[in-house]
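Subject: A structure for you to look at

Hello,

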Amino acid sequence: GTGGDGTGTGGDGTGTGGDGTGDNLDNDTIDHDNVTPEPEVPIDPVDTPAGKFASTIVSLDNDNAAAALDWMVNDPANDAYDFKTEAAFFDADTQIVFKQRFAAATLFTALSAGNTEEDPWLNSDGWMTDADVCEWYGVSCGAYDGRRRTTDVNSNIITKIDLSTNNMAGPIPSEIALFEDMDTIILTENWLTGPIPEELYGMTQLLDLDLYDNELTGEISSQIGNLEGLQVLYLGINKFEGEIPSSIQNLQSLRVAWFDFNNFGGNIPDFPDSVEDVDLKDNTFIGQIPESLITGQNIEKIDVSGNWLTGQLPEAFSTSLRELRISDNIMSGEIPSVLGELENLEILHLDNNNYDDTNGLTGTQSNGFTSWIPLSISTSESLIEVRLENNDLKGQIFDLPDGICSRDDFFINAFCGEEPCENDGCCECKEYSIPKMT
């Protein structure tokens, strides 16, 4: 019995040796301290709760939205936000936070499309990081003020984006409309391209839209009339074309409207009575200046220089008018004497209306403004800048220094006898004939 036990023990020893051999073999082939983990496979964002929610508010077919969603789902910058469970999206505040981060990410992706690593945004502090979007450069947020919705995160509602002069290049994404409480968009002096997305015209909370000095193209949609609360509209220095929609008259709160330096054409539409400053210079507008614009009860500044406008000036003008610029058109007729009687009028530009366009856009020939220059222009106590050259004006001898020249800050361009004069040179002319301009 004892011998048998010994044999069994020996057998156990052999087995133990066999285990040792196996352990030695594993240690020779695997270095446990330097095992490289399998790379984490990115989640397909479309199949996640975030993707399913995003698909209910926007189309994910475009590259900008797809890239933004991928960042939302797979970038650690969003790990602290509860975007991973379907239950989270039953919460209204989570939906708002998601929409704002997603819309901001889409905006960054779209407006970086024309940039390179060597030529990025001038300032992108905070963008595409884990910081709250209200801390991203150019973003302003506000709390509930009776106009915006009440939420538990009401102090983090984006109300304004100002990314002016920031070297951004690319199209304005349609997802900008996800900023449901934004009232101010300022993207002036960048390299924005393409048309204004149709979705932007649905942002009825907008008060200020500034897209001035970019490379935007296309026509302005008639849906602009939906922005009934809009007060300031800057679309100048772009490449827009077509007509300004008549629905602009629906904007009963509009105060400033700049469309200058574009390719707008057709007739100038009627503007709402609220408007104070209209700049339409350097386009291809034709026809007459709407009387409703010149007589608007709040209008202070009108600049329609550099177009193809024809016809005569009306006999009535708004008493609030301070600046009237009609240079470089094909206007004709007499200069109404009431212009010199306007108590607030400081700047009057009627020069360069002597033009022959019989073979051009309007088929019109004009000798410019003709007949006598009203004495009231000389005796005006408000005018400080007058341009009348290059018309077919005649005048009479009168004492100019008692009028315009009594002011320190004035400009006039005319003739003294047969010689051209400016400012003091005109004022010192003792035999001054307000002048025949050629």
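Lys-99 is found in helix α4, where helices (DSSP runs of H or I, at least four residues) and strands (DSSP runs of E, at least two residues) are numbered from the N terminus. Before going further, please keep in mind that this is a predicted model, in which local features need pLDDT of at least 70 and side-chain atom pairs count only at pLDDT 80 or more, while totals for chains, interfaces and linings use all residues. Residues are numbered from 1 along each chain as its sequence is written, and side-chain values use heavy atoms, with hydrogens and water left out.

Is Lys-99 buried or exposed? With a relative accessible area of 15%, Lys-99 is buried, since buried means under 20% relative accessible area, exposed means over 50%, and partly exposed lies in between (1.4 Å probe, protein chains only). Leaving aside residues up to four places away in sequence, Lys-99 touches Phe-53, Ile-57, Leu-178 and Glu-180, where contact means heavy atoms within 4.5 Å.

Helices α2 and α4 pack at an angle of about 75°, with their axes 11 Å apart; the axes are lines fitted to C-alpha atoms, for helices over the stretch in contact, and angles run from 0 to 180 degrees between N-to-C directions. That angle makes α2 roughly perpendicular to α4, given that angles under 35 degrees count as roughly parallel, over 145 as roughly antiparallel, 65 to 115 as roughly perpendicular and the rest as oblique. On the α2 side the contact is made by Ala-50, Phe-53, Ala-54 and Ile-57, and on the α4 side by Gln-95, Phe-98 and Lys-99. Sorted by class, this contact of α2 with α4 has 5 nonpolar, 1 polar and 1 charged residues, where Ala, Val, Leu, Ile, Met, Phe, Trp, Tyr, Cys and Pro count as nonpolar, Asp, Glu, Lys and Arg as charged, and the others, Gly among them, as polar.

Helix α2 itself covers residues 49–57, and its buried residues are Pro-49, Ala-50, Gly-51, Phe-53 and Ala-54. What covers these buried residues of α2 includes α3 and α4.

The axes of helix α3 (residues 63–74) and helix α4 (residues 92–110) come within 8 Å and cross at roughly 125°, and the two helices are therefore oblique to each other. From α3, the contact is made by Asn-64, Ala-65, Ala-67, Ala-68, Leu-69, Trp-71 and Met-72, and from α4 by Phe-98, Arg-101, Phe-102, Ala-105, Thr-106, Thr-109 and Ala-110. The residues of this contact of α3 with α4 divide into 10 nonpolar, 3 polar and 1 charged.

Asn-64 lies in helix α3 and, not counting residues up to four places away in sequence, touches Thr-106, Thr-109 and Ala-110. The C-alpha atoms of Asn-64 and Glu-175 are separated by 9.2 Å, although these residues are 111 residues apart along the chain.

**The parallel sheet**

What is the order of the strands in the open sheet of 7 strands? The order is β3-β5-β7-β9-β11-β13-β15, with parallel pairing, and two strands pair if DSSP finds at least two bridges between them. β3 (169–171) and β15 (308–309) stand at the edges, each with a single partner strand, so one side of each is left without a neighbour in the sheet.

β3 and strand β5 (residues 191–194) pair in the parallel sense over 3 bridges, and Pro-171 stands opposite Thr-193 in β5. Further along, 2 bridges join strand β7 (residues 215–218) to strand β9 (residues 239–242), which run parallel, with Gly-218 opposite Phe-240 in β9.

**Two loop residues**

Most residues other than glycine have a negative phi. Thr-165, in the loop between β2 (157–162) and β3, has a positive phi of about 50° although it is not a glycine, and Thr-165 is partly exposed, with a relative accessible area of 43%. Asp-328 has a positive phi of about 60° and is not a glycine either; Asp-328 is found in the loop between β16 (323–325) and β17 (347–349) and, at 40% relative accessibility, counts as partly exposed.

**The chain as a whole**

The protein chain has 7 helices and 24 strands, and buried residues make up 48% of its 438 residues.
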